[in-house]
Structure formats: C-alpha cells, structure tokens
Amino acid sequence: MKELLYDALMLGRNREVEKEEYLAARGEKKPARFEAKVKLIELSDIERDQEVIIPLSLAVPGYIEVEVYSDDSCIFLEKKIITGNDFENGSYALSFKLLAGYLHSGINYASVLLRSPLQQELIGLRINNSSVTGGADSYKKTFGRIVKNYLDLRFGRISRGEWQQKTDETIGLVNGSEPEHLFLMLYRAQVYISAGRIPEAKSIIEFAAVQLEKLPPEYTEIRCFFIYVQSLYDMDPEKTAQAAEHIRKVYDRNPSWRLLWMLFYTSSEFTDIPEMKFDALDTEFRKRRCSSPVMYYEALECVRKKTDVLKDVSEFELQVLSFAQKNKALSLDMAIRVSELITAMREDWLQRRNISLAAGILCAAYDRYKSNIVLKALVKLLIAADC
C-alpha cells in the first residue's frame, strides 16, 4: 500500500528533476547551474521589431529548469521555461522579440530575469535610440500625464468632469496605427464612454478594430485593452465575463501589471475579496518588480477596505504605505496596523526589512496623529537600526 501511495505521489513530478535532486543530495554531483554569457546587451537605432539572442550555457551539467520573466512592454517572450532538454552540447540561445513600437527616442532600458531554484541572472538591455525620431517619446510623456490625471481623480483632487476634460485635452489629436497611438485612442474611448459620449467612443473603437488587424500577434496587451474597452461600450455582463476569461488566459501565459489591472475591472474574482487582489499585486511586485503608481493605488484601496491585508511589513507593503503617505492618504488605522506588526516582530526579522522606509512612514504618521502606538513602533525601529 505504501509503495502504491508513493508511486501515485510521484506521478506529478518531473523525473529528471527528481533524479537531479537525488544525486545532488547524495553528493554524487553538484546541482546543475546555468550561466548567461552576457549580462548587458547594447543596441541602437531600433526602428523595427528585432529578434535578440541571449546565449546561455550549463556551467554545471545536469537537468535544470529556468523561468524567464520580463515586465518591460518592449520585450515579448515566446519561451517562459527553459529545461535541461533545451541545452544542446551545454549551450542554448534564448531568443525574444524587441518591440520597436514601445521604444522612445533617447536611451531605453529593459531587462530579462532568468531564475532557477538555486540562482538567478538579470540580463540588462540598453537601447540607444537617439537618432530615431517618432511618437514613442511623446507617448511616454502623454502616458505620464494621463496617469497623473487618473490618480488626481481617484484621490479626489479633481472631479470626474475635470478628469474627462483634462484627459481629452492631454491625448490631443492622436491618429495612427502604431501600438502607442492605439492605446491612447482606446483610452480616449474609455473616457468618452464614462462621459456618455457614445457615438464618439464607437467611432474610435471601430477605427481601432481595423488598425489592430495590421499588428503582429505579439501585441497582446493592446488587443486585450481593446476587448476591455469594448466590454465597457457593450455594458453586457455576459460579454464582460467573456472579456475577463480572454484576458485571464493571456495573463496566465504572459503576465503583466496592465493585464492584471484589466482583470480587476472585468473579473468578479477580485471585486469582493481584497486579500486576493492584494496578493496578486504583491506577486507582480515580487516577481516582475512592478512599481506603477496605478497599481500602488489599487493596493492602497485594498488596505483601505481591510487593513488586515498588511501582514509582514514586506517591501511591497512599505512601498504601498509610502505611496499613501506621499498622497496624504495614510490613515490612522493603517499607521496603527503597521505599528502593531512592527512592535510584535523579533528584532532579527525586523532588520531584514527596509527600516529607513518604515521609519519615514511612522515619522509622518506620528507627526499627523500623535499616536503612542506609532511612537512605540518607531522607537523599536530606531533601536533595531542602532540609532
């Protein structure tokens, strides 16, 4: 019976991984390790989509599984997992596509993270597009302004009508088939829908549908955003559920914070459970280093609904609270919750956190609320930092 149970449990395991772990545990071989032969890739004058190669080798032979990540829009990864079977004669050429439509003029930076259970390698890209002129640079500035307008609306600094007007003026007369142009146009359609300007929104959606047909299949985010805006236009629960299902499938294959944001507003799984939404945001931060202020705001909304989502004063939680402090949205309940967590922590655990960032948050909270609970936690922080 025990042998049958063991065999059943082992059915779901990769036999190569099992063998590698067994031999390494017995000391018969060193664990397999990979090596990236280049740590920085420098390119210039990228006007069209281009394939880029990262040469890899097995520094220590054996079976290995390597996960491949990138949170940069300009990078499209077709292969997300590299296994030992992919290495021929100890070498493998990992390829990905660099999407010119997401590059601005000047210097662009991006990265690809390679991770196995025992190691990780971060491969940097530096793309000098100084001699390339185009709309991506102005797109970046325009995107920054619409994010500011959006946050001003969510924090109550401007009214919905002001947001609609400012965003419409910011986007201006954008018209074209480039991915960044289509995104801005679709965002404008979203604004028009919220303002009840349905015929204008319909005209943009119809134009975008034609232009999307001309884009290569790897522009999945733009296509998902089109589906998201279309669901807002249709106002049909069944179509919204279908949009959520499609976006979820794309997100599972090629996760990004933008796709996750679309899921927040199409999928019911995040509507009533702040813990699930907060955990998803935490994963984006840890795995893909997402630092978008839009997503910090979504995390802050979870904390506002339920401060218990704050659990261990992690780097992500501190960044969210710092974002709240900078936007004058750090409530007394939030300050007390993080103070209680800090006070209950062992000093050696506390020293693994960003004490400087935590102290800044508590200083601001004490200045505002004069809470003894906050002061007690602040003192513990200063002692842990040997100040």
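Mentor: A helix is here a DSSP run (H or I) of at least four residues, and helices are numbered from the N terminus. Please keep in mind that this model is predicted.

Trainee: Which helix gives the largest share of the lining of the largest pocket?

Mentor: Several elements each supply at least two residues of that lining, among them β8 (107-116), α3 (136-154) and α11 (293-305). The largest share, 10 residues, comes from α3.

Trainee: How do the residues of this lining divide into nonpolar, polar and charged?

Mentor: The largest pocket holds about 1,400 Å³ of space, and 50 residues line this pocket, with Ser73, Phe143, Trp257, Arg258 and Ser292 lying nearest its centre. Sorted by kind, the lining residues come to 29 nonpolar, 11 polar and 10 charged.

Trainee: Is Val379 buried, partly exposed or exposed?

Mentor: Val379 sits in helix α16, which covers residues 372-384, and together with Leu375 and Ile383 it makes a nonpolar surface patch of about 240 Å². Buried means under 20% relative accessible area and exposed means over 50%. The relative accessibility of Val379 is 43%, so this residue counts as partly exposed.

Trainee: What distance separates the C-alpha atoms of Lys30 and Gly62?

Mentor: Lys30 belongs to the loop between α2 (15-25) and β1 (33-36), and with a relative accessible area of 63% Lys30 is exposed. Along the chain, Lys30 and Gly62 are 32 residues apart, while the separation of their C-alpha atoms is 8.6 Å.

Methods. Residues numbered from 1 in each chain as written. Predicted model: local features only at pLDDT ≥ 70, side-chain atom pairs only at ≥ 80, totals over all residues. Heavy atoms only, no water. Patch = residues over 30% accessible without salt bridge, like charges linked within 9 Å, V, L, I, M, F, W, Y side chains within 5 Å. Areas by Shrake-Rupley, 256 points an atom, 1.4 Å probe, with all protein chains shown as cover. Salt bridge = Lys/Arg side-chain N within 4 Å of Asp/Glu carboxyl O. Buried < 20%, exposed > 50% of the residue type's maximum accessible area, 1.4 Å probe, protein only. 1 Å grid on protein atoms, 1.4 Å probe; cavity = no way out; pocket = protein on both sides within 12 Å on 5 of 7 lines; lining within 4 Å. Points joined across faces, edges and corners; volume = space filled by probe spheres on them. Nonpolar A, V, L, I, M, F, W, Y, C, P; charged D, E, K, R; others polar.
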